[in-house]
Amino acid sequence: MKWKHPNTITGPAAEGDKYFRREEIENRLWREIAKNSHVLFLAPRRVGKSSIVMYMSTRHNKEFACKYENIQSDSSIQDFYKRLCNMTHSALTNYGKSKNWLSSWWNSYTIQSIGKDKIEIQKATIDYRTKFFELLGNLKDHQEKVVLFLDEFPDVIWNINNQHGAQEAETLLNDVRTLRQTKDFKDVFIIVLLGSVGLNHIVKKITGRIDKVNDLHREYLHALEIEQAKNFLNHLIKDATMQLEDATKDYLLNKIGYFIPYYMQLIVEECDDMLKEKNITQLTTMDIDKAYQKIIKKNEHFSDWDRRISKYFPDKYVYLLEVLSMCAHKNGIDLQEIYNIAVSNNNINEWKADIDDILIADGYLYEENQLYAFNSPLLKDWWKARHPLMKKS
């Protein structure tokens, strides 16, 4: 029997037939773009925001020339503006209304030297910031509108801060704010910023304030609702060799609890591998339990949740780690217990803001009636296995 695997992808963003459309959020984003709103697209990690905007950027739209890129590696202002120039050039090349002016704008050359027998020509050293502002002026003249989807923008600010200092990072934040608020650019240039770490955290940490990004329109992407999760599960297993009865599907969804597409695909892939090894097509609830335990033991699926706190908030890491560990082991933690942990870690000024702005905003925890718990049972059980509670003397 030739085994056909589920339609999963747990590495890069989903494209083509692996992409599960969420038209409601697509439509919300397009509405804001049409209104010339610059957007901050917020979501916990692995919910699928990159896949959504990647799909949107490749849909031909007569009004907009779009381009998506992950810009996480950029680490200077020059890198950033070079990226914007290249992305805009690519968007206009693929989707622009008129391209006659584009090549002459793009090709800037200077004469290096004139000899008796030859003229040497090289490409000019470019100030990409100046080049990009010049390009925006050209967009207005030629009635073009460009939409750039910039993934992991907070990491760029963080990289610049680490390599060039807080002043340089703040300069870029001021620049991007100017781009958003300049009247002449309003009808020609829109940015949609994405990131796995909240931009507010990074901006506040570097500048001590968040007014540099508070003009952005915020759109939120949450985990799938139950009906969406059922449809997504059917999308994953359509035509696959592995078979699930309706009751088994319900059990799998209840086991996951928090319907992040990535987590759903992890457990479907693990179940599929188990059945293929045994050459059995029908999945059981016992198989699901075994797959769940195997996933928890695989550190690579969840370790980034831990690393991101230590990377971006090293001064708060011990406090946040203790809150999360207590929450995992007790299946929840109340506000008084969190305050006690804050006092023991000398964090009595921002203790509540850290919970709301970091752990809740970035998708670790949710709050209900001052009781805090992990959104994801998978992440909770992984955290519990990796971080035992410290015994108090």
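Me: Is Tyr339 buried, partly exposed or exposed?

Reply: This is a predicted model. Tyr339 has a relative accessible area of 32%. Buried would need under 20%, and exposed over 50%. Because 32% falls in between, Tyr339 is partly exposed.

Me: Which residues form a nonpolar patch on the surface with Tyr339?

Reply: Tyr339 itself sits in helix 15, residues 335-344. The patch has about 250 Å² of accessible area over its members together.

Me: Where is Leu136, and is it buried or exposed?

Reply: Leu136 belongs to helix 5, residues 128-141. Its relative accessibility is 0%. The limit for buried is under 20%, so Leu136 is buried.

Me: What does Leu136 contact, leaving aside neighbours within four places in sequence?

Reply: Contact here means heavy atoms within 4.5 Å. By that test, Leu136 is in contact with Leu179, Phe185, Val188 and Phe189.

Me: How far is the C-alpha atom of Leu136 from that of Cys85?

Reply: Leu136 and Cys85 are 51 residues apart along the chain.

Me: Which side chain makes a polar contact with the side chain of His301?

Reply: His301 lies in the loop between helix 12 (285-297) and helix 13 (303-312). At 17% relative accessibility, His301 counts as buried. Beyond four places in sequence, His301 touches Tyr262, Leu266 and Ile295. The polar contact, at 3.3 Å, is with the side chain of Tyr262.

Terms used
Residues numbered from 1 in each chain as written. Predicted model: local features only at pLDDT ≥ 70, side-chain atom pairs only at ≥ 80, totals over all residues. Heavy atoms only, no water. Patch = residues over 30% accessible without salt bridge, like charges linked within 9 Å, V, L, I, M, F, W, Y side chains within 5 Å. Areas by Shrake-Rupley, 256 points an atom, 1.4 Å probe, with all protein chains shown as cover. Salt bridge = Lys/Arg side-chain N within 4 Å of Asp/Glu carboxyl O. Helix = DSSP H or I, 4+ residues; strand = E, 2+ residues; numbered from the N terminus. Buried < 20%, exposed > 50% of the residue type's maximum accessible area, 1.4 Å probe, protein only. Polar contact = N/O pair within 3.5 Å; in protein donor to acceptor, adjacent residues only side chain to side chain.
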